[in-house]
Amino acid sequence: MNDLAEIISQNEDRLRTEWIRTMSSAVERADLISKAELDEQCNSILKALADGVKTSGPENLSGAGWSGARELLSSISASRARRGFSPGDVAMFVLSLKQPLFVLVREKMSKNPDAMFETIWSVTQLLDRLALITTDASIATREEMIMRQQQELMELSTPVVKLWDGILALPIIGTLDSARTQVVMESLLQAVVATNSRYAIIDITGVPTVDTLVAQHLLKTITAARLMGAECIISGVRPQIAQTIVHLGINLEDVITKAKLSDAFALALQRSGRAVVRTAAAAANPLGGFFSKREE
Amino acid sequence: MERIPVLRMGSLLLITIQVDMHDKLALQLQDDVTERISDWGSTGVLIDISSLEIVDSFIGRMLANIAGMSRVLGAETVVVGMQPAVAITLVELGMSLAGVRTALSVEAGMELLYGNAITGSENERTEA
């Protein structure tokens, strides 16, 4: 089988040119990768390929001789997946080496058809397996990206904002599942401690549906906040949600609920002994003085 | 013998739990609290658990018990300074400490109890 290694290493330049030509007719992604970079990647892969065939043979892909090629392919596929190549594109990158290699093999071995067939068969198997490696690597990279984005989405969608001294608001956007409840609960409780807040307003305007499970999660959060000494008010209950809650028989009687965030805020201000007043200046200049005067 | 101190602050009792609770200690504490309430005529009990990092259902039950006993003796219990992790654990254990009042800090707890004492005496006065 060292014939194959020789064929590859002796005709590296020609192989590369042919390879790039085939590749560009199959998948042209000049927008995603530069010519020079492609050249360099092809070069290093061909070198690793010749190396692998020489030391471990084309069958034994898990052998030590192939570790260089495997790592190289994985890293190239990962970087391509990050740039937006589809797994198919990435697999095509390796598979398009088949034709140039077959042409070469036919030229070199035309005198011995049996050996030619053997070689072509092993080349096919080898390249197929290498293509699978690239597909695996690019899918793994994508999954990693999706996981990270999910994590970011989760953190983004649970902000805790301070409305006033001792009053927090927690606008929840999206469906409240168990994992998110955990995040919501933790961030709320930590904010309660950090800001020494006695009132927390949980705004569910952005929660599309409230079923028994979501309600249970909400109640858990409220109970935990109560245990720490903070009172929770639920706001942003839409008419549909109010109907659903009653139809499902969810007991929210121990919880204060309000239709609007402003109502909940007004209640929290009132409970903490504060009131928002309209000053004369504000009445004369409606844009200038709202909230400008703190009443304490 | 190891014992959790019960401090007197005017008409209130202050209990700061800083060690791991076990059966004997909890029973001793229940004894002490009930004794002190009846001796000193306290109207409120503050239990500070801000230094508790870990709770189990035993501690949750103990808190509920002390609150219940105090209520029978005419004193209101406020649990103060619960850590977020502790609150989450208690909720996951299904213990919402329904009969127990809570506050963020000892100060807030005192405000709560004194506020109650004041309105309570006012009520008595109007009733009288």
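## Helix packing in chain B

A crossing of two helices is called left-handed if the near helix is turned anticlockwise from the far one by less than a right angle, and right-handed if clockwise. By this criterion the crossing of α1(B) and α2(B) is right-handed. The model is a predicted one, in which local features need pLDDT of at least 70 and side-chain atom pairs count only at pLDDT 80 or more, while totals for chains, interfaces and linings use all residues. Residues are numbered from 1 along each chain as its sequence is written, and chains are lettered from A and ligands numbered from 1 in the order in which they are written.

Helix α1 of chain B covers residues 23-40 and helix α2 of chain B residues 57-72; they pack at an angle of about 20°, and their axes are 10 Å apart. Axes here are lines fitted to C-alpha atoms, for helices over the stretch in contact, with angles running from 0 to 180 degrees between N-to-C directions, and helices (H or I, at least four residues) and strands (E, at least two) are DSSP runs numbered from the N terminus. The two helices, α1(B) and α2(B), are therefore roughly parallel to each other, a term for angles under 35 degrees. On the α1(B) side the contact is made by Ala26(B), Gln30(B), Val33(B), Thr34(B) and Ile37(B), and on the α2(B) side by Met62(B), Asn65(B), Ile66(B), Met69(B) and Ser70(B), where contact requires C-beta atoms, placed from the backbone, within 7 Å.

## The sheet of chain B

In chain B, five strands form an open sheet of mixed pairing in the order β1-β2-β3-β4-β5, two strands being paired if DSSP finds at least two bridges between them. Strands β1 (6-9) and β5 (101-103) of chain B stand at the edges with a single partner strand each, so one side of each is left without a neighbour in the sheet. Strands β3 (residues 44-48) and β4 (residues 76-80) of chain B run parallel and are joined by five bridges; Asp48(B) has Val80(B) in β4(B) as its bridge partner.

## Chain A

The secondary structure of chain A comes to twelve helices and five strands. Strand β1 (residues 161-164) and strand β2 (residues 167-173) of chain A pair in the antiparallel sense over three bridges, and Val161(A) has Ala169(A) in β2(A) as its bridge partner. Two residues lie between the strands of this hairpin, in which Gly166(A) takes a positive phi near 85°.

Terms used
Parallel < 35°, antiparallel > 145°, perpendicular 65-115°, else oblique. Contact = placed C-beta atoms within 7 Å.
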